[in-house]
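Please keep the sequence and the model in view while reading.

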Amino acid sequence: MSERPERLSASDMSSLLAERGPIHVNVGAALILEGDPPTLDELLEHVESRLALVPRFRQRVQATPLQITNPVWADDPGFDLEWHVRHVALPRPGSTDQLREFLGALLAGRRPFLPDEAVCLECKRRGFPCVLVSGATTCLGPVTRAGCGAICPAFGRGCYGCFGPREQPNVSALVAQFERIGLSADEAGRRFAGFTNGAEPFRAAIPIEGAARSAAAASEGGDARN
Ligand code: SF4
Ligand code: SF4
């Protein structure tokens, strides 16, 4: 004799019926772990090995004929673990605010709002004095992706670009600005050799490595900008 299907409880039904239109009823948790993450394949293998312990995770809600009783839980014949376990990443280094925005967007089924704007805009919105305009220090804020809340300018220090370049940053204009406040061309370029100097728009501005790359590209018949 086949097992009777399990009907959704009154509590399940109240959550299900409450989730309509703009109202989302989600229960979840976010874990922040340290150390080297597993590969996606390793994670999938681990979850698969433990999935039998929580049969509900493989089930879906199935309406009953004529919908005259509560729906039932039923094994999902098309269950696809890779649809449920996915890999996504914030732009490095990422911030707690960005993580919150991402998780909220995920639960609401919308795209996360991670604006590609410069640290300068955060700096202006928060009313911090501009250390670059004052000529007191160099600042990579104009070419660096926002997200940190302009922490360094808040303390009177220039941004050193740890959030990485924003889309299509005008690095050469900033190098020229650094030269105008008294840096040599080499010194101005070296301001981009920080945490994210591996990022192409910044790497191209660094004098020594930039020259080496140009030479390598020329010997291969390529373009140093690619
Ligand atoms: S201090 Fe830096 S981040 Fe702030 S407005 Fe000036 S250049 Fe931009
Ligand atoms: S160095 Fe990093 S934390 Fe500091 S202002 Fe720039 S992006 Fe923000």
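**Confidence, form and ligand shell**

The chain has a mean pLDDT of 84, and 90% of its residues reach 70 or more; pLDDT is the predictor's confidence in each residue, on a scale from 0 to 100. This is a predicted model, in which local features need pLDDT of at least 70 and side-chain atom pairs count only at pLDDT 80 or more, while totals for chains, interfaces and linings use all residues. Residues are numbered from 1 along each chain as its sequence is written, and chains are lettered from A and ligands numbered from 1 in the order in which they are written.

Confidence is highest in helix H2 (residues 40-50), with a mean of 95, and lowest in helix H10 (residues 207-219), with a mean of 51. Within residues 209-218 the pLDDT is below 50, and this stretch has 8 contacts in the model beyond near neighbours in sequence; two residues are in contact if their C-beta atoms, placed from the backbone, lie within 7 Å. Residues 220-226 also have pLDDT under 50, and the model gives them 6 contacts beyond four places in sequence. Where pLDDT is low, the predicted coordinates should not be read in detail.

The chain contains 10 helices and 3 strands. Here helices (H or I, at least four residues) and strands (E, at least two) are DSSP runs, numbered from the N terminus. Read from that end, the order of elements is β-α-α-β-β-α-α-α-α-α-α-α-α.

How does the chain fill space? Its radius of gyration is 26 Å, whereas a compact globule of 226 residues would have one near 17 Å; the radius is taken over C-alpha atoms, and the globule rule is 2.2 Å times the number of residues to the power 0.38. Along the principal axes, the C-alpha atoms fill a box of roughly 85 × 45 × 30 Å. Of the 226 residues, 17% count as buried, that is, with 20 or more other C-beta atoms within 10 Å of their own, the C-beta atoms being placed from the backbone.

The chain is divided into domain 1 (32-108) and domain 2 (119-219), with bounds from an automatic or database domain assignment. Their C-alpha centres lie 39 Å apart. The contact between them takes 5 residues from domain 1 and 6 residues from domain 2.

Ligand 2 is surrounded by residues including Val119, Thr144, Cys148, Cys152, Cys159 and Cys162, where a residue is near a molecule if its C-beta atom, placed from the backbone, lies within 6 Å of it.

Terms used: A residue is buried if 20 or more other C-beta atoms lie within 10 Å of its own, exposed if 12 or fewer, and partly exposed in between; C-beta atoms are placed from the backbone.
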